[in-house]
Amino acid sequence: MQQQKIEFRKERDFSSVLGDSIKFLKQNFKPLISSIILVTGPVILLTGLAYSYMQTVLMAHSFSGAGGLSMFNETYFISLGSVYVLMFINTVLLNSVVYNYMCLYNEKPAGEKITVSEVASRVWSNLGLVMGSMLAFLVFIVVLAAVVVLIGIGIGSGVGSSPGAGGVILIILLVLLLFFGILILAPAIAYIVSAGFYVVVRDKKFIFSAFGTVRRYLSGNFWWTWLIMVVALIALSILQVLFNLPATIMTFSQTFTRLKHITDASSMANQDTPVLLIVFYTIGLFLTTCSSSIIHLICAFNFLGQEEKHEGRGLLSRMDEIK
């Protein structure tokens with residue numbers, strides 16, 4: 001039996017955003033996950049290798065008794081830089097795969113299959129725009145963070161010079177303000193960023209123009225969006241912690257145990273640790289990457305519902321069909 005195609009242009013409430021996201025994932029699980037794995041797979045594998053190597057370097061210093069600044073040598077920073085570059089590429093590819101797949105799904109007639117080669121072709125065709133947008137966004141975040149740090153240092157210096165209980169109360173108030181500010185703004189910012197990249201892929205807009213579109217439709221829907229994002233992020237975080245638990249357990253056990261009871265006869269077993277770390281980190285990264293597609297689907301369907309609420313194009317189209 002042919003599955004009913006999900007209508008993109010319709011208003012959605014809390015339950016229908018989550019429901020349509022799960023329904024879309026169920027309908028397209030195999031081709032979507034296959035596209036994610038085949039397009040991003042080589043980068044995920046390289047990221048697993050780089051990250052496990054970085055952990056091995058840290059453990060080697062720990063086991064040898066070295067510590068302090070000697071742990072952060074040239075090899076460590078090269079591996080750390082490689083991990084960040086690969087994670088950047090992986091994020092770009094994941095956004096591009098998920099959102100290009102959604103666009104193909106919306107464009108094709110109901111029941112027509114979407115192939116991995118079609119998705120890959122679309123990804124490569126607009127990869128420059130997505131990567132440029134991601135790079136520009138990261139530069140903006142770095143500059144903004146530097147400004148915030150400088151402002152924080154200035155405020156901290158002023159507060160530190162305040163005598164007595166007044167200075168302590170002011171510090172507490174600033175900490176509480178920062179905490180609640182992050183609690184309120186972080187989910188909304190995560191939504192704007194993710195939905196913004198959907199607009200980048202769909203409308204071929206640069207990221208800051210896409211942010212403006214998302215923010216305009218977000219007006220009047222802030223708290224519903226905040227609630228959706230909080231629920232989705234908490235659920236996804238728990239899931240991804242479980243995916244990475246084997247690698248985390250191995251890393252902590254190897255780092256903090258120091259292997260004092262290991263004898264020369266069993267030292268060969270210790271040589272397999274990097275291989276096991278590569279396996280655990282790579283599997284965890286594959287599962288984390290695939291599960292991250294869920295939050296992208298939720299953000300896209302929430303944006304589409306808000307867009308329809310403001311524009312009403314889907315309703316007008318259905319009225320024309322009736323006529």
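Begin by selecting Phe 24, Tyr 99, Met 102 and Tyr 191, which touch the most other members among the 61 residues of the largest nonpolar core. Such a core is a set of buried Ala, Val, Leu, Ile, Met, Phe, Trp, Tyr and Cys residues joined through side-chain atoms within 4.5 Å, where buried means under 20% relative accessible area, calculated with a 1.4 Å probe on protein chains only. Helix α3 gives this core its largest share, 14 residues.

What you have open is a predicted model, in which local features need pLDDT of at least 70 and side-chain atom pairs count only at pLDDT 80 or more, while totals for chains, interfaces and linings use all residues. Residues are numbered from 1 along each chain as its sequence is written, and side-chain values use heavy atoms, with hydrogens and water left out.

Stay with Met 102 and show its surroundings: leaving aside neighbours within four places in sequence, Met 102 is in contact (heavy atoms within 4.5 Å) with Phe 8, Phe 24, Tyr 198, Leu 297, Ala 300 and Phe 301.

Now colour by secondary structure, and the protein shows 12 helices and 0 strands, taken from DSSP runs (H or I of at least four residues for helices, E of at least two for strands) and numbered from the N terminus. Of its 323 residues, 40% count as buried, and residues 24 or more positions apart account for 81% of the contacts with a separation of 6 or more.

Next, select residues 74-107, helix α3, together with residues 116-125, helix α4, whose axes come within 9 Å and cross at roughly 120°. The axes are lines fitted to C-alpha atoms over the stretch in contact, with angles from 0 to 180 degrees between N-to-C directions.

Finally, select helix α1 (residues 14-27) and helix α8 (residues 222-243), which pack at an angle of about 45° with their axes 10 Å apart. That angle makes α1 oblique to α8. Show Phe 14, Val 17 and Leu 18 in α1, which meet Trp 224, Leu 227, Ile 228 and Val 231 in α8.

How values were computed
Buried < 20%, exposed > 50% of the residue type's maximum accessible area, 1.4 Å probe, protein only. Parallel < 35°, antiparallel > 145°, perpendicular 65-115°, else oblique.
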